[in-house]
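Hi,

Here is the structure I promised to send over.

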Amino acid sequence: MGLILLLAVSVSLDTLGIGMAYAVSGIRIPWNTRLLIALLNGILTFCAVAAGGRLEAFVPQRLFQIGGAAILIFLGGRTLWNALGENKTADYDRDASHVLEPWEGLTLGFTLALDSISAGFSITGYGEIAYFFPCFTALAGGIFLSLGTRIFCNLRRINGIGGGILIVLGLFRLFCGGS
């Protein structure tokens with residue numbers, strides 16, 4: 001359960017950075033948009049975990065273990081690479097109102113869910129406990145997005161920590177089985 005929670009926090013750290021970036025830019029993310037983004041993340045992640053569970057019947061467990069580890073290491077490496085590069089945030093405030101409306105938050109929600117979806121596939125083989133992951137990612141994403149609108153610190157450092165954790169989790173899954 002601890003690994004599932006740590007994975008959820010790791011893939012959700014980017015929502016903290018997004019919240020901070022928008023706050024610094026003077027763009028407000030209302031509670032209903034934050035809730036929509038968190039729920040979308042949880043639903044899409046649940047679909048990935050369920051699909052992975054269905055595929056597990058056809059794919060050998062060791063292949064899922066290696067594939068899951070590779071996904072986590074890739075996500076971690078990409079996150080670290082982005083943390084070292086320019087920290088640009090896409091502007092989803094299409095109407096330039098300085099308020100991210102729910103319809104604008106949908107695109108942001110899909111974008112933020114991509115890491116969680118990939119990680120959802122990576123935890124296939126963890127059994128029923130894997131279904132806690134979508135709940136944890138939705139909760140962590142909502143909390144981090146809300147905190148991000150109030151906290152200002154170095155985005156690169158936060159993203160770098162998340163990337164490092166993802167790589168460690170991937171290596172753990174590869175060499176220790178992770179279940």
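Please keep in mind that this is a predicted model. I'll start with helix α1 (residues 2-24) and α4, whose axes cross at roughly 165° and come within 10 Å. Since angles over 145 degrees count as roughly antiparallel, α1 is therefore roughly antiparallel to α4. Their crossing is right-handed. On the α1 side, the contact is made by Leu7, Val11, Asp14, Thr15 and Ile18, and α4 contributes Leu108, Leu112, Asp115, Ser116, Ala119 and Ser122. Sorted by class, the contact of α1 with α4 has six nonpolar, three polar and two charged residues.

The other pair is helix α2 (residues 31-55) with helix α4 (residues 102-122), which pack at an angle of about 30° with their axes 8 Å apart. Because of that angle, α2 is roughly parallel to α4. The crossing of α2 and α4 is right-handed.

Which residues of α2 meet α4? They are Asn32, Thr33, Leu36, Ile37, Leu40, Asn41, Leu44, Thr45, Ala48, Val49, Ala51 and Gly52. Their partners in α4 include Pro102, Gly105, Leu106, Leu108, Gly109, Phe110, Leu112 and Ala113, with Ser116, Ile117, Gly120 and Phe121 also in the list. By class, the contact of α2 with α4 has 15 nonpolar and nine polar residues, and no charged ones.

Best wishes

Conventions:
Residues numbered from 1 in each chain as written. Predicted model: local features only at pLDDT ≥ 70, side-chain atom pairs only at ≥ 80, totals over all residues. Heavy atoms only, no water. Axes fitted to C-alpha atoms, helices over the stretch in contact; angles between N-to-C directions. Helix = DSSP H or I, 4+ residues; strand = E, 2+ residues; numbered from the N terminus. Parallel < 35°, antiparallel > 145°, perpendicular 65-115°, else oblique. Left-handed = near helix turned anticlockwise from the far one by under 90°. Contact = heavy atoms within 4.5 Å. Nonpolar A, V, L, I, M, F, W, Y, C, P; charged D, E, K, R; others polar.
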